[in-house]
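Have the structure open beside you while you read.

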Amino acid sequence: MRLDVVSIFPEYLDPLRVALLGKAIDAGRITVAVHDLRNWTHDVHRSVDDSPYGGGPGMVMKPDVWGPCLDEVCPDDALLIVPTPAGVPFTQETARRWSTEQHLVFACGRYEGIDQRVFDDAARRVRVEEVSLGDFVLIGGEVAVMAMIEATVRLLDGVLGNPRSHQEDSFSDGLLEGPSYTRPVSWRGLDVPPVLLSGDHAKVARWRTEQALERTRARRPDLLPDPVDSSADHPGDTD
Ligand SMILES: C[S@@+](CC[C@H](N)C(=O)[O-])C[C@H]1O[C@@H](n2cnc3c(N)ncnc32)[C@H](O)[C@@H]1O
């Protein structure tokens, strides 16, 4: 998989070369190129932003800088990803879908974001997805892109040490993962749940499912299917 990231702070993306992602680069499973948007500026100040039409605070990133940059960096068969709090939520399913792509290009915004015409224009020739990391506002797109890349690349074959481990992670079966334990059996007066020491694999699997359900119910009930509404069978019943 090839990953291109455009940013006005290319050094922000340096951690992509560390740990498992660094190993994936060394092993040739992914190729990462980070581009400085300012290389596509054409004034002495290397400006990338201007004041917003219609007034308001902050600055907007310029289409006549982003456009030529994406013309060069984003080929027609790539998927162009635009991190923005106004995008559709990024989820494990998004990461799974992106992990089947050959080429992802990420456009990191700053200030109040990027002139919308950049993506309306790009969408004439490439697939464009505007995606949010969550319901909060970051200063720039770099941290969001790092998270999205990490979530996606760890799903590629050969990136995780144990290829099965992501199949048991939170969200892979729609639930949060339950608690995990390792040695020692007793620590600061707290014991590992005895079932995990029983050696009975069926019992352990059942316990893990119960824990996952309990945790999901408590922390993320929105992930569970709606309970069957029994009153729908008897619409006239009021008590
Ligand atoms: C200060 S934000 C712009 C916020 C924008 N004015 C709005 O209200 O939707 C600057 C940049 O940070 C990035 N960003 C901020 N929050 C984000 C989020 N929740 N998900 C993805 N990217 C985000 C985007 O690249 C965005 O262009």
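Start with a side-chain pairing: Glu129 and Arg97 make a polar contact through their side chains, at 2.7 Å. Keep in mind that this is a predicted model, so the distances here are computed from predicted coordinates.

Where does Glu129 sit? Its place is in strand 7. Is Glu129 buried or exposed? Its relative accessibility is 17%, and because the cut-off for buried is under 20%, Glu129 counts as buried. Arg97 turns up again among its contacts: setting aside neighbours within four places in sequence, Glu129 touches Leu79, Leu80, Ile81, Val82, Arg97 and Trp98.

How many residues surround the ligand? The count is 18, and the closest are Pro83, Glu112, Leu133, Phe136 and Leu138. Sorted by class, the shell has 10 nonpolar residues, seven polar ones and one charged one.

| Residue (backbone atom) | Ligand atom | Distance |
|---|---|---|
| Thr84, polar backbone atom | nitrogen | 3.3 Å |
| Gly109, polar backbone atom | oxygen | 3.2 Å |
| Gly141, backbone N or O | oxygen | 3.4 Å |

As for cover, the ligand taken alone exposes 580 Å², and the protein buries 83% of that.

Now zoom out to the whole chain. Its secondary structure comes to six helices and nine strands. The radius of gyration is 23 Å, well over the 18 Å that the globule rule gives for 239 residues, so the chain is more spread out than a compact globule. Along its principal axes, the C-alpha trace spans about 70 × 60 × 35 Å.

What about the interior and the surface? Buried residues make up 39% of the 239 in the chain. The accessible surface comes to about 14800 Å², and carbon and sulfur atoms account for 52% of it.

Finally, a word on how the chain contacts itself. Take the contacts between residues at least 6 apart in sequence: 73% of them join residues at least 24 apart.

Terms used:
Residues numbered from 1 in each chain as written. Predicted model: local features only at pLDDT ≥ 70, side-chain atom pairs only at ≥ 80, totals over all residues. Heavy atoms only, no water. Near = heavy atom within 4 Å. Polar contact = N/O pair within 3.5 Å; in protein donor to acceptor, adjacent residues only side chain to side chain. Areas by Shrake-Rupley, 256 points an atom, 1.4 Å probe, with all protein chains shown as cover. Nonpolar A, V, L, I, M, F, W, Y, C, P; charged D, E, K, R; others polar. Helix = DSSP H or I, 4+ residues; strand = E, 2+ residues; numbered from the N terminus. Buried < 20%, exposed > 50% of the residue type's maximum accessible area, 1.4 Å probe, protein only. Contact = heavy atoms within 4.5 Å. Rg over C-alpha atoms; globule rule 2.2 N^0.38 Å.
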